[in-house]
Each structure stands twice: as structure tokens, then as C-alpha cells.
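The sequence and the model come first.

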Amino acid sequence: MAPSGAEGGRATTMAPGKKITARIKRTLPVRGPQAPTLSELMRWYCLNTNTHGCRRIVVSRGRLRRFIWILLTLSAVGLILWQCAELLINYYSASVSVTVQFQKLPFPAVTICNINPYKYSAMKDYLSELDKETKKALETFYGFSEGKSKVRRSVDEWNSTASDFFKQIPLLQFEDFSRTATDLHSGQKRRIEGSVFHKDSSIVNSGDSNDIIGFQLCDANNSSECALYTFSSGVNAIQEWYKLHYMNIMAQIPLETKEKLSYSADDLLLTCFFDGLSCDKRHFTRFHHPLHGNCYTFNSGESGTVLSTSTAGSEYGLQVVLYIDEADYNPFLVTSTGAKIIVHDQNEYPFIEDIGTEIETAAATSIGMHFTQSRKLSKPYSDCTETGEDIPVENLYNKSYSLQICLHSCFQKAMVDSCGCAQYAQPLPAGAEYCNYKKNPNWMYCYYKLHEKFVKEQLGCQQICKDACSFKEWALTTSIAQWPSAVSEDWMLRVLSWDKGQKINKKLNKTDLANLMVFYKDLNERFISENPANTLVILLSNFGGQLGLWMSCSVVCVIEIVEVFFIDSFSIVMRRQWQKAKKWWNNRKRDRSGKPPQASDLERQGHDNPACIDEDLPTFNTALRLPVPQGSPLPRTPPPNYSTLRLETAFTEQLPDTLEVGQH
């Protein structure tokens, strides 16, 4: 045993520095990411973090001072979150810049249509029955005869045979807004059921203030499903009734025939000048509009060449004299005289019926233009679309995307899906045909109900369709002057009649003519664009400024917060859950076997250390705190092999001042 005692005495001789280190290891608890609980982890973080407020919460003495630091720290965190949210919102905003350039400008496309779509003399064969029934309705209700207003006749005086037009859409007269109506064709009074839609757009009152004119549309498959459309003006009621039958008739006429029934370029154009030079019908491109007949586009760009102008002013724009031919107008279809024009880009579809500008006859209409290009930022700054390819609506117009094209195409698709046919005023989808009540007896009722949903934004078209991100716009300024003047009227009409004499056999009247001038008021091109208000670099710099101002924090501090509050905290929670699950599984296995745990099993299996629940090896301090299982003998430790405690040093002998006092 002597050697062992010698070695034991040698083992007790330890340097003071190593003694201090060993004592620290015995008393220092586990901290940092390996801490056993979240509270220990948070305390370690507050003591070691670079954010001074968190450290002050832990080291401050006194509840009042600690409460003040907690309040200040939470206030700083709240201010940081608020300021960072403002920075993010500002990051997704855009600033608008306007650039004005003076340069040679491309001239836009100018589309011109006669307000009357087809020559009435050529359409009489197709519309004779409809016109006859319309005249009878006017004569019965208003007492009209040969254009003269007489005393209103009784409905019973109408002894004509029943008409298909009134069977399809019966005209009704209401009194005192009641549900009782008089059929203008049969003279019978009946009770009207169904939804009432009052279109109050009076132009001429229909006689007595209590009289209301309207028509009823019913579902052909269910006669109890009806909708009643009323008008405070008899003019509007009869014209709307006429248009429904008119579209039904036109839908059955082939396109080639309709183009022949409408106006040719020689019929519409009398004179033409552009940029001071003469032009003719070769500079115009025809396209057929369902509601406006043959329209003609100047500078359409279809030939591959787009005209431009380098001088502003009315003398250097487009000047045309149009032949309107008022005498050949359809008296029931249109109630105004003149032409419609629209200025648009060569790649845009001209929506004459939506945004067309009407020009008068017997007048010179001057239209001055200002050209503006606009460009919006797409997502995430706005909800616009670049090309429309991301919109789930088929473009039926074969032109560049616009909001109007999307809305019209969406409605037409819904019309085909719901009613089984296409609405006449819009292009045909592939495989569809226009509605007419011979093949589709229910289309009028279906169309009105669908249009009602469209107006109320219940079809979803307004939610699907988006604005285009880039578009061109020509702001128009219109002025009108009497033309021709009283002193020049005689000779001008004679000359124009002589020029037109080979095609017509009458002297022109000034109400048959319209003078149109379209020109640039200036050559300033305005370019409006959106630019990001902040870049990513500016956003990160602002974030850093806010963190440094309120929390004296940097990017490293942010990474530290992410590591401690997310990664380490999650790891501690998961370790605890894993230990609980493992304990539950062991208990479940033991319960199934029915055997109580043996002491030898406990000694062999060991037990969990609540102070060290991770997979790492325990420290010296945690090993001393291991709890001993109840009812089991103390584990015996074999005597140490003292030869392993022999220290190898770089010195040949130990210094005197490091020896134990008791050894001297």
C-alpha cells in the first residue's frame, strides 16, 4: 500500500491555478445553448447579449429599477417594429416622375364611323316587318300618322294580326307604378310578376307623368321566371325594343352582305389632307363594327408604316370632309346625325361605342391632342399586368391587352357559357354563333339577366381583369365652329357636289357634311413613369439605423436573437418532448410485459439527469447532482488508478512556491 500512499500524496500536490479551475467547474452551472431550461437560456442571453437593455433587466438591483428597464426595453422593441413596418410599406410604394420631351411624334390611328351603321335604303328588305310593327306601335300608343302627332288612339283600335315581334317581347303600358299593365298589341290588362328594372333615362316624356312604358322578358323554359324593364320615356322604351329585334335580325345576315349594306370609303370620304399633303382612301383601312357598320381607320399601321409629324398645328394634322347622308338614316335605330371618331394607338382596338367622340354635321370640329405615355410598376407595387397573359380570359379582339378588352371578352365568354350563344355587339369566340331567337328563343332574357349581374359586378369580370401596366393616351380638346359659313356655303356646296356628282344625283346640303381636323397642339411628349421609392440597399440601411437607434443592435445581434429565441429555444423544447415521449414508451413497454423494474435493470439502464437532458456528456458539476434512484444500492466506484494522475510537465522539478504548505 506504500506505493499507493506515495502516489496519493503526489496527487494532492496540485498547482493553485488548477485548483481554482477545478473549483469553478464544480460550482459553475450549465449555461448557454446547452442550458436545461428556457429560463436559464434567457438569463444567459441577457447576460451575454450586445443589447444593453436586456442585460440591465438582469443585473439591475431593486424591483423599481428592473421594472423601468423592462418598460424601456419593450417600448424600444415596439418602436422598432413600428418603424420597420413603416419602412416595409414605404419600400413597396412608388414615386411618380414626369418627363417631357420635344421631338417628332408618331401620329395616332384615327377611326371614323358614320353614326348610322347601314344605309336604310339597302336595309329595308330586312327591316320592313320590324319597321311596320314599330310604326303601328307608335300609331296605337301616340296616335302618330305620317309623322304628325295626333290624339292617342285606343289600343282596341289596333286590329292587325298578331306579330312575332310582340310575341317575343310584348310592349306594356303601366299606370301609377302598379303591377297591372296593358298589352299594347292585344289591349288586354294583366297582372305582371317578376323583377322590375326601371331604366330612368328620360329624353322625351311618354305623355302623362303617370304612364310608364316597358317590356317583359320571360324565360322560355319557365314562363313564371320573368323580368320587367320599364322606362319613363317612351322614346327609350321603343328604341330599346327596336334594338333588340334589330340585333336579332343582323345576327342572321352574313358578314360579307353586311359590309355591302354599309358605307364604302368613297361614300364616306369627300376630301382628305394630312401634314399639308393630299391623301385618299388608300390611307384608310376598313374594319367592320357590329353596331357601327363599316368604319375606316387612318394610319392603322397595317402596311408596316406609321406616319409621323414634326410640326404642331391644325394645318399639319388630318383634315377630312365626311359625307353623312342624313336622308338615308334609319329613323328608329339612331336619333342623332353625324359621325363618331376615336383616336387610339395602332395596336389598340377602337371601342367606338364606349369612348368615341361624336362630331356634328354642318360644323367644323377641331380636335387638338396632347400625347402621354404612362408606365406603372407591376407587382408588388401595383396589381397591373404587363401583357395580359396572366389573366385567365381569352382575348377575342386580336389586339394588345387593355382593361376594356378583358371586360368585354369576359362577358362574351359568360354569355356563351350561360346562354349558349354570343352577344351580337362583340366578337365571336371560337365555335360559337350569334344569338337569334329562332335558334335560341331564351337569349334575350338570358342576356338581360347576365348583363344585370355584370353591372353589379357579380360575374367576377371586374375582379379578374386588371389595368395594363403601360399604355398610350391622347388627351383631346374639342372645339366647334359653323361650317361652311353663310358667304361661302353656296360655292363650296356646288364644288363638292360636282366632285361627288358621279356617284350621287343631287345637290349636297350642309347637313350632309361634317368637317373634321385632328392635330397635335404641341410636340411635347409626356412620359409618366413609376419608380421604386426605396431600393433594397436603402431598406437595409434604414433597418440598421432603427436597430442601432433604439436597441444599440447590429446584424450580428439580429443573428444572435434568431439563434437564441428560435433555434436554441426550439431545441430545448424538442429535447424535453423527446424525453417525455421516451419515458412514456418505456413505461408502456413495461406495463405490457407486466414485470416490475428490477434493481439490476435500473443500475444497468441508469436514469435521466434533470440537470443535463441533452445527449452531451455531463460536466463534473452535473455529475455530482445526479439523483440516486430510491431503493437501489449506491453505485460503487472502483479505486482510481493513481498512475493515471501522474502529470507530465515541461519542468524537471516543481517550483517551491507551488508546493503544499503541509508538505514543508
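The axes of H8 and H13 approach within 12 Å and cross at roughly 120°. Axes here are lines fitted to C-alpha atoms, for helices over the stretch in contact, and angles run from 0 to 180 degrees between N-to-C directions. On the H8 side the contact is made by Glu240, Leu244, His245 and Asn248, and on the H13 side by Trp443, Met444 and Tyr448. Contact means heavy atoms within 4.5 Å.

This is a predicted model, in which local features need pLDDT of at least 70 and side-chain atom pairs count only at pLDDT 80 or more, while totals for chains, interfaces and linings use all residues. Residues are numbered from 1 along each chain as its sequence is written, and side-chain values use heavy atoms, with hydrogens and water left out.

H8 also packs against helix H6 (residues 120-142), with axes that come within 11 Å and cross at roughly 160°. H6 and H8 are therefore roughly antiparallel to each other. Among the residues that meet are Met123, Leu127 and Leu130 in H6 and Ile238, Trp241 and Tyr246 in H8.

Helices are DSSP runs (H or I, at least four residues), numbered from the N terminus. The table sorts the residues of both contacts by class; Ala, Val, Leu, Ile, Met, Phe, Trp, Tyr, Cys and Pro count as nonpolar, Asp, Glu, Lys and Arg as charged, and the others, Gly among them, as polar.

| Contact | Residues by class |
|---|---|
| H8 with H13 | 4 nonpolar, 2 polar, 1 charged |
| H6 with H8 | 12 nonpolar, 3 polar, 1 charged |

The largest pocket holds about 1200 Å³ of space. On a 1 Å grid over the protein atoms alone, a pocket is an open set of points with protein on both sides within 12 Å along at least five of seven lines, a cavity is a set where a 1.4 Å probe fits but cannot get out, and lining residues have an atom within 4 Å of a point. Of the 34 residues lining the largest pocket, Glu240, Lys243, Leu291, Glu353 and Tyr447 lie nearest its centre. H8 gives the most to this lining, with 7 residues.

The largest cavity has a volume of about 30 Å³, a volume being the space filled by probe spheres set on the points, which are joined across faces, edges and corners. Its lining includes Met123, Leu127 and Tyr246.

Notes: Helix = DSSP H or I, 4+ residues; strand = E, 2+ residues; numbered from the N terminus. Parallel < 35°, antiparallel > 145°, perpendicular 65-115°, else oblique.
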